[in-house]
Amino acid sequence: MNINPTRFLSDLHALRQFGASGVCKGVVRPAYSEADIAARAWLAGKFEEAGLRVHYDPMGSLFGLSDAPRSLLLGSHSDSQPEGGWLDGALGVIAALEVARAAKESGGPAVSVVSFQDEEGRFGVTTGSTVWSGELTLEEADKLTDRTGTTLAEARGAMASQVGDFVDPKQFTGFIEMHIEQGPWLDQAGEAVGVVTDIVGIRDMRITFEGEQNHAGTTPMHLRKDAFQALGAFNALIGERFKNVATPQTVWTIGHVKLHPDAHSIVPGRATFSMQWRDGDADRLGRMEEIIRNAASEIADAQGFELSFGPMLGLEPVAMSAGLRSALEASAEEHAAGRWRKMPSGALHDATNVARYLPVAMLFVPSINGISHAFEEDTDEADLVTGLEVLAGAVARL
């Protein structure tokens with residue numbers, strides 16, 4: 001199986017032009033945007049050229065299917081964050097295309113390719129693969145809204161003429177997703193490849209403190225029920241209590257805060273914020289939830305606030321397939337001897353959902369300075385090619 005690095009890099013740069021931001025190598029290609037739909041049409045043409053059968057499922061996830069009754073599925077996603085990098089997701093799709101193409105040309109193993117829709121969560125969390133996995137029904141997903149109030153049903157209407165039925169996962173023997181690390185560890189160590197051991201679990205919910213809106217100039221500090229001060233106290237308290245639970249790999253984030261009425265001269269009466277935490281141990285995630293709920297309740301009770309919790313969203317930790325991992329590790333030792341490691345994934349990926357049906361594995365390449373979800377995201381092209389070689393070598397072994 002002879003991969004073509006020049007062809008691979010050329011296709012990767014060509015995909016970058018859809019939604020190019022004009023800043024660094026960044027892209028703006030959110031799910032169902034004109035740039036996203038155009039990129040999928042371009043990919044469909046590439047799949048056809050590679051001898052794959054093109055199929056869009058009802059969510060708009062794009063498959064390039066082998067004619068063989070059973071094939072190995074490779075891929076990732078091609079949508080981006082509102083301000084995204086050129087490699088997040090796209091790398092896995094184009095690497096899959098090149099391996100499928102090389103396998104076809106050499107009479108090698110049967111390989112199919114996928115670009116899942118809305119991995120970046122315009123409407124949820126890894127939405128396209130979540131629906132494909134059966135974790136969320138299409139009817140439930142259609143009710144999801146983005147930040148503008150657009151429903152998923154409305155957004156996917158732009159692809160209505162292209163979609164067909166859901167692809168049966170029984171035709172696939174497993175799934176491998178190649179991705180940038182999106183963290184600093186490989187880059188700092190000067191290593192070329194990471195073979196993923198497991199993908200962390202995630203919990204995400206919204207919390208609201210309801211205090212008392214009042215005049216910012218005339219309300220004495222000791223009489224205020226300032227919702228933002230409740231949020232600040234909550235943040236400090238969970239930081240202290242997590243010290244007894246968290247490991248160096250545990251992370252938590254308050255990533256979105258909305259104050260009401262959000263005005264300079266008004267004491268905010270309400271603070272609604274996102275609370276997200278991630279870890280590879282489901283029991284630890286549960287203990288962190290207990291700390292979060294208890295801390296919020298204590299602050300609300302002590303300061304006279306109303307407290308409410310939104311619905312809990314999330315995914316469970318997922319261990320990678322031993323068989324697929326073994327093939328990746330053997331290939332890494334061949335193509336990057338002494339320059340690879342085993343490592344967990346702190347980010348969510350479509351492989352988490354695919355694992356409901358199939359054995360899954362993941363392969364990482366470095367992110368320069370650990371930057372991702374930003375226009376500055378990048379990886380040395382030599383590392384991109386090394387990752388491709390490791391992926392192809394693993395497929396050949398399987």
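Is R339 buried, exposed or partly exposed? I looked it up in the model, which is a predicted one: R339 is partly exposed, at 35% relative accessible area.

**Entry: R339 and its partner.** I found R339 in a salt bridge with D383, and the closest N and O atoms are 3.8 Å apart. That still passes, because the cut-off is within 4 Å. D383 sits in helix 12 and R339 in the loop between helix 10 and strand 16 (340–345), so the bridge ties together parts 44 residues apart in sequence. D383 counts as buried, with 15% relative accessibility.

**Entry: E334 and R397.** Next I checked E334, which pairs with R397; here the closest N and O atoms lie 2.7 Å apart. I noted E334 as exposed at 52% relative accessibility, while R397 is partly exposed at 42%.

**Entry: E298 and R241.** I then went to E298, which forms a salt bridge with R241 at 2.8 Å between the closest N and O atoms. E298 belongs to helix 9 (residues 282–303) and R241 to helix 8 (residues 227–241), so this pair ties together parts 57 residues apart in sequence. Both ends came up partly exposed: E298 at 38% relative accessible area and R241 at 28%.

**Entry: the whole set.** How many salt bridges are there? I get a count of 22. I also jotted down one network, where bridges with shared partners join R7, D11, K46, E49, E98, R101 and E105.

Key
Residues numbered from 1 in each chain as written. Predicted model: local features only at pLDDT ≥ 70, side-chain atom pairs only at ≥ 80, totals over all residues. Heavy atoms only, no water. Salt bridge = Lys/Arg side-chain N within 4 Å of Asp/Glu carboxyl O. Helix = DSSP H or I, 4+ residues; strand = E, 2+ residues; numbered from the N terminus. Buried < 20%, exposed > 50% of the residue type's maximum accessible area, 1.4 Å probe, protein only.
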